[in-house]
Every structure is written in C-alpha cells, then in structure tokens.
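This briefing goes through a single protein chain, from its overall make-up to a few selected residues. Please keep the sequence and the model open while reading.

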Amino acid sequence: MRQRARERNANTIDCAADPASIAAALARIPYAGFLGLRPEVADGQVTLILPYSEHLIGNPLLPALHGGAMMTFADYCLFALASRELAGPGITVSFACEFLDAGKVGDLIECDGEMTRIGGSLIFL
C-alpha cells in the first residue's frame, strides 16, 4: 500500500479507531456495499465479514465464490489493518494472491495479517 501525500481531510476515517468508523468508511464505498461487507465487534476486536450472497458466486458448478470478490475482501481487510499507520487515504500498490482452494457456500472466509515493515511511503503487510 502506498500512502498518498496529502493531509487528512473530513472524508478520511481512521478505520482502526472504532467499529463505527469502519462501518462509516464501508458505507461510503459502493463496491463494499455490493459485496455486503460489514464489521462485527466482539471482545474489543473488529472483524470484517464477507457474507455469502448468490451474486458473489463465480463458479456455479461448485458453487464457489468469485476469486475477485475474495481478493477485494482481503484488500479491504489489509487497509483496516494498516489504517492506524496511514496518515490519510492510501492505495494498494501491489497485491499477489494464490488460491489454495475454492471458497464454497457455507465456508468461513477469514483474513488475518500483520505489518512487517512501515516505511516513509509504503506499508508492507
């Protein structure tokens, strides 16, 4: 992810600050709404949920979730992880993914990560 060189403005939300901020940030992103992403809170921990929906099926023969939907979900999760370090909006510079198995109906799709390096303009997750 690359941090944009501009100051925080009224539309910037620190997603790591609280669950309401995450929900507000997701509400402003049309594609997040299309995916149905929603935050849930338990024991002070925020979890981003990608709920099952028929319109997210990429392979109806299995049926399996579309890989692009899962990668988008992971991208949103990574921004939530990095949001405490971002001084404003950011963009994904590079994202590589290898699928080990299909995400099938009823599967729990999770995303976990950690920051491995925080530089002047890049955060590595």
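Helices (H or I, at least four residues) and strands (E, at least two) are DSSP runs, numbered from the N terminus. Ala-23, for example, is found in helix H1, which covers residues 19-27. This is a predicted model, in which local features need pLDDT of at least 70 and side-chain atom pairs count only at pLDDT 80 or more, while totals for chains, interfaces and linings use all residues. Residues are numbered from 1 along each chain as its sequence is written, and side-chain values use heavy atoms, with hydrogens and water left out.

**Confidence**

- The protein chain has an average pLDDT (the predictor's confidence in each residue, from 0 to 100) of 77, and 82% of the residues score at least 70.
- Residues 1-16 have pLDDT below 50; beyond near neighbours in sequence, this stretch makes 49 contacts in the model, a contact being heavy atoms within 4.5 Å.
- Where pLDDT is low, the predicted coordinates should not be read in detail.

**Overall make-up**

- Three helices and eight strands make up the secondary structure of the protein chain.
- Read from the N terminus, the order of elements is β-α-α-β-β-β-β-α-β-β-β.
- The protein chain has 125 residues, of which 28% count as buried; buried means under 20% relative accessible area, exposed over 50%, and partly exposed in between (1.4 Å probe, protein chains only).
- Of the contacts between residues at least 6 apart in sequence, 56% join residues at least 24 apart.

**Helix H3**

- Helix H3 takes in residues 67-82, 16 residues in total. Its span from first C-alpha to last is 23 Å, close to the 22 Å expected at 1.5 Å a residue; the expected span is 1.5 Å times one less than the number of residues.
- Buried residues of H3 include Ala-69, Met-70, Thr-72, Phe-73, Tyr-76 and Leu-78.
- Phe-73 is placed in helix H3 and counts as buried because its relative accessible area is 2%.
- Neighbours within four places in sequence aside, Phe-73 contacts Leu-37, Leu-48, Ile-49, Leu-50, Ile-109, Glu-110 and Cys-111.
- Phe-73 and Leu-35 lie 38 residues apart in sequence, with 8.2 Å between their C-alpha atoms.
- Thr-72, also in helix H3, counts as buried because its relative accessibility is 19%.
- A polar atom of the Thr-72 side chain is 2.8 Å from the backbone oxygen of Gly-68.
- Residues up to four places away in sequence not counted, Thr-72 touches Tyr-31 and Leu-35.

- One aromatic pair is found in a search of the whole structure.
- The pair is Tyr-31 with Phe-34, stacked, at 5.6 Å centre to centre and 20° between the planes. Rings of Phe, Tyr and Trp (its six-membered ring) pair if their centres lie within 6.5 Å; planes under 30 degrees apart count as stacked, over 60 as edge-to-face and the rest as tilted.
- Tyr-31 and Phe-34 are about one helical turn apart because they are three residues apart in helix H2 (residues 30-35).
- An α-helix has 3.6 residues a turn, so residues three or four places apart point the same way.
- Tyr-31 is partly exposed at 38% relative accessibility, and Phe-34 is partly exposed at 44%.

- Ala-23 counts as partly exposed, with a relative accessibility of 35%.
- Ala-23 and Arg-38 are 15 residues apart in sequence, and their C-alpha atoms are 6.7 Å apart.
- Leu-62 and Pro-63 are joined by a cis peptide bond with omega about -25°.
- Pro-63 belongs to the loop between strand E4 (57-59) and strand E5 (64-65).
- Gly-106 sits in the loop between strand E6 (90-91) and strand E7 (117-118), and counts as exposed at 71% relative accessible area.
- Gly-106 and Tyr-52 are 54 residues apart along the chain, and 7.3 Å separates their C-alpha atoms.

Key:
A polar contact is a pair of N or O atoms within 3.5 Å; within protein, one must be able to donate a hydrogen and the other to accept it, and residues adjacent in sequence count only if both atoms are side-chain atoms.
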